[in-house]
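Take a look at the protein below. This report goes from the whole chain to a pair of helices, and then to aromatic rings.

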Amino acid sequence: MPRLLSRRNLLSSLAAIPAVALLAACSDSGEKAVAEDVKPAAPADAMKPADPAKPAAPAAAKAPEAQGTVDMAALLKPGALPDMQLGKDDAKVAIVEYASMTCPHCAHFHETTLPALKTKYIDTGKARLILREFPFDPSAEAGFMLARCSKDNYFPMVDVLFKQQANWAGVANTKDALLQISKMAGFTQESFEACLTDQKLLDDVRSVQKRGADEFKVDSTPTFFINGKTYKGALSIEEISAIIDPLL
């Protein structure tokens, strides 16, 4: 895993992270899986125009092949931080996502797939989604810390940070950019700095990442575990539906 910065350097480092350092934010550069290989899925017929004389029948998406399995009971055991979850505990399908706040493919999933996943499966009680922190750089650590400090607004803060990712991840001064976004979410300068200098929270975020890497072999983001099977890369709603539907 990449070497991470200590607390006393986290705030100062946010002011001077070069954009190039975030290009591999979706993978560990020491692993074979690289960000460029984790491309957002495109609809199967996106490049093929439909026949205007005959409406095309929607093609059933094929479920992507699982890239491994894990012990779901072990995966769902509590870690250093309480799990943040959308959906009901008794949902038949459990989805655990490891993500990095500076990963563009994670942002793509949260902006394009998650809303439909929530409507179709989470809000109907069929599935639940647990989001776990897997930061690859100090900016991603800071984003997750701010989301955790938002308490009940964890997912809204994650949503805002993903949507605004281009405005704070890899900019000239990430600290100031994050501060402005955080103020809109109710933070003051004092609460912002208190959050990002909370050593225990920083250690816990790193512990979540380390456990994901050590126990469940996470090496790129996003990585999904769906009822014990491993899927890497940003899944489209068609792909994730093809995985989930046979489990219901």
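Two residues are in contact when heavy atoms of theirs lie within 4.5 Å. With that in hand, start with the whole protein, which is a predicted model. Take the contacts with a separation of 6 or more: 80% of them join residues 24 or more positions apart.

**The whole protein**

The secondary structure comes to ten helices and five strands. The protein has 248 residues, and 47% of them are buried.

Now pick out two helices. Helix α3 covers residues 104–122, and helix α5 covers residues 154–163. Their axes come within 9 Å and cross at roughly 115°. The crossing is left-handed.

Which residues meet there? From α3 come C106, A107, H110 and E111. From α5 come V158, F162 and K163. The residues of this contact divide into four nonpolar, one polar and two charged.

**Aromatic rings**

Next, the rings. A pair of aromatic rings is described by two values: the distance of the centres and the angle of the planes. The whole structure holds six aromatic pairs. Here are two of them.

| Pair | Centre to centre | Angle between planes | Arrangement |
|---|---|---|---|
| Y154 and F155 | 5.2 Å | 85° | edge-to-face |
| F216 and F225 | 6.3 Å | 65° | edge-to-face |

Why do both pairs count as edge-to-face? The cut-off for that label is an angle over 60 degrees between the planes. The Y154 and F155 planes stand at 85°, and the F216 and F225 planes at 65°.

Are the residues of these pairs buried or exposed? A residue counts as buried when its relative accessible area is under 20%. Y154 has 1%, so Y154 is buried. F155 has 15%, so F155 is buried too. In the other pair, F216 is buried because its relative accessibility is 7%. F225 comes out at 0%, and therefore F225 is buried as well.

F216 and F225 also belong to an aromatic cluster. Y98, F134 and F136 are the other members.

**Back to the model**

Find α3 and α5 in the structure and follow their left-handed crossing. Then find the cluster of Y98, F134, F136, F216 and F225.

Terms used:
Residues numbered from 1 in each chain as written. Predicted model: local features only at pLDDT ≥ 70, side-chain atom pairs only at ≥ 80, totals over all residues. Heavy atoms only, no water. Axes fitted to C-alpha atoms, helices over the stretch in contact; angles between N-to-C directions. Helix = DSSP H or I, 4+ residues; strand = E, 2+ residues; numbered from the N terminus. Left-handed = near helix turned anticlockwise from the far one by under 90°. Nonpolar A, V, L, I, M, F, W, Y, C, P; charged D, E, K, R; others polar. Buried < 20%, exposed > 50% of the residue type's maximum accessible area, 1.4 Å probe, protein only. Phe/Tyr/Trp six-rings, centres within 6.5 Å; stacked < 30°, edge-to-face > 60°.
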